[in-house]
Amino acid sequence: MAFRARHLLGIEHLTPEDIRTVLDLADRYVDLNRRTVKRTDALAGMTQINMFFENSTRTQASFELAGKRLGADVMNMAVAQSSVKKGETLIDTALTLNAMHPDLLVVRHPNSGAVNLLAEKVNCAVLNAGDGKHEHPTQALLDALTIRRAKGRIQRLTVAICGDIAHSRVARSNLLLLGKMENRVRLIGPPTLMPAGVAEFGCEVFDDMRAGLDGADVVMMLRLQKERMDGGFIPSEREYFHRYGLDAEKLAFAKPDAIVMHPGPMNRGVEIDGTIADDINRSVIQEQVEMGVAVRMACMDLLAQNLRADRGRQATEGTYV
Ligand code: NCD
C-alpha cells in the first residue's frame, strides 16, 4: 500500500504513488469541504499541536481547520510567548510537548533541517509546515492538486517557477514533486536569486521571463523573500517588476490557457501585477488556498492511519509505552 510514512518531512521521501494517494484522498476532502457540514471523525480523539516558530497566516489557519474538520483536538502553541523566548532549546520544547502525548505535531521553523531533527525526538507523527529554505511539502502537494484539477493531469506539463528561487522552500518542494511526476520544469529569475547547482535537478534555467514563459502550461510566481536576504539581491523593486514581475504582456508568452499560481502572501506590483492575480480566468490563487485545507486533511488522515497501525503493532509486541 502507498504512503507508509511515519512523518511528512519533505517531498524528497515520497514516491509518485504516495503523491497520487494524497491527491486522490484530498479530492474527496474537497467535496466534503464544500458541504455545509464539514466533519469526519478520521482524527477523533487525537491531539494535534501546531508549533509555528515563524509567522504564518494561511498555512497555520489551514492546518488548524484541517485538524478540526477531521475531529481532532487542535492546540496552537503561541511560540512568541512560549519558553522558547526564555532560551529553551527546540529539542526541550519538543520533549515537553511529547510528554503531553500529542498524536500529530505540525511544525514551521526558520532553520532548514530543524523539523527533521525534531521528528527524531518525539513519538508522534510530525508534519513539516516549512523549514527555512529546505522544504514545504504540503504547499507542493496543494499546488499539484490545483494543477491536476485545472489541467486534468499532473504529468507532461511545462511548469515555469519564477522569481526568488534561491530563498524558496516552495520552489524546492515543487521542483522535487514536479520532477517525480515527469513534468518539464523551468526556473526563471535573476542570477542573484538562482541557487548554485540548480541544473542538477534536471530543470532548465532562464533569466529572461519571455524566453522562460514561452509555451508554459503553468506559471508559478514566488514572493521576494526579503526576510531571508541579507544583501542587495535586486537593484530595486521597480526594476524587479519591470524585468520579472508577471503582467499581461509577459503572460502572453505562455500558452493561452496557462494558469497563474502564487503561494501567498503576494507582493502586488513587485512579483505580480494585481490585475493578473485577480483575473479569475487565469489565476488559481484562491483555489490553491481551498486545496490547501483538503491536502492537509488528506496528509493528516494518512499519517494517523499509519500511527494507529504502528501503535497497534507495538501494543501486540508489548513495546508501546
Ligand atoms: C510560503 C512559505 O511560507 O514558504 N507561504 C505559504 O506557505 N503560504 C511562501 C512565502 O512565504 O513566500
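The model is predicted, so local features need pLDDT of at least 70 and side-chain atom pairs count only at pLDDT 80 or more, while totals for chains, interfaces and linings use all residues. Residues are numbered from 1 along each chain as its sequence is written, and side-chain values use heavy atoms, with hydrogens and water left out.

**Around the ligand**

- The ligand has R58, T59, R108, H136, Q139, R169, V170, R223, Q225, P263, G264 and P265 around it (near means a heavy atom within 4 Å).
- That shell splits into three nonpolar, five polar and four charged residues; here Ala, Val, Leu, Ile, Met, Phe, Trp, Tyr, Cys and Pro count as nonpolar, Asp, Glu, Lys and Arg as charged, and the others, Gly among them, as polar.
- Oxygen atoms of the ligand pair up with polar side-chain atoms at 3.0 Å for T59, 3.1 Å for R108 and 2.7 Å for R169. A polar contact is a pair of N or O atoms within 3.5 Å; within protein, one must be able to donate a hydrogen and the other to accept it, and residues adjacent in sequence count only if both atoms are side-chain atoms.
- On its own the ligand has 310 Å² of accessible area, and the protein covers 95% of that (Shrake-Rupley method, 1.4 Å probe).
- Two elements, α2 (58-69) and α6 (169-180), each give two or more residues to the ligand shell. Helices (H or I, at least four residues) and strands (E, at least two) are DSSP runs, numbered from the N terminus.

**Loops and backbone**

- G264 and P265 are joined by a cis peptide bond, with omega about -10°, and P265 sits in the loop between β9 (259-261) and α10 (274-277).
- S56 belongs to the loop between β1 (47-52) and α2, where a polar atom of its side chain lies 3.1 Å from the backbone nitrogen of Q60.
- Between S56 and V289 there are 233 residues in sequence but 13 Å in space, C-alpha to C-alpha.
- F3, in the segment before α1 (16-33), isn't a glycine, yet its phi is positive, near 55°.

**Aromatic rings**

- Searching the whole structure turns up one aromatic pair.
- Y240 and Y244 have ring centres 5.6 Å apart and planes at 35°, so the pair is tilted. Rings of Phe, Tyr and Trp (its six-membered ring) pair if their centres lie within 6.5 Å; planes under 30 degrees apart count as stacked, over 60 as edge-to-face and the rest as tilted.
- Both tyrosines are in helix α8 (residues 237-244), and being four residues apart, Y240 and Y244 are separated by about one helical turn.
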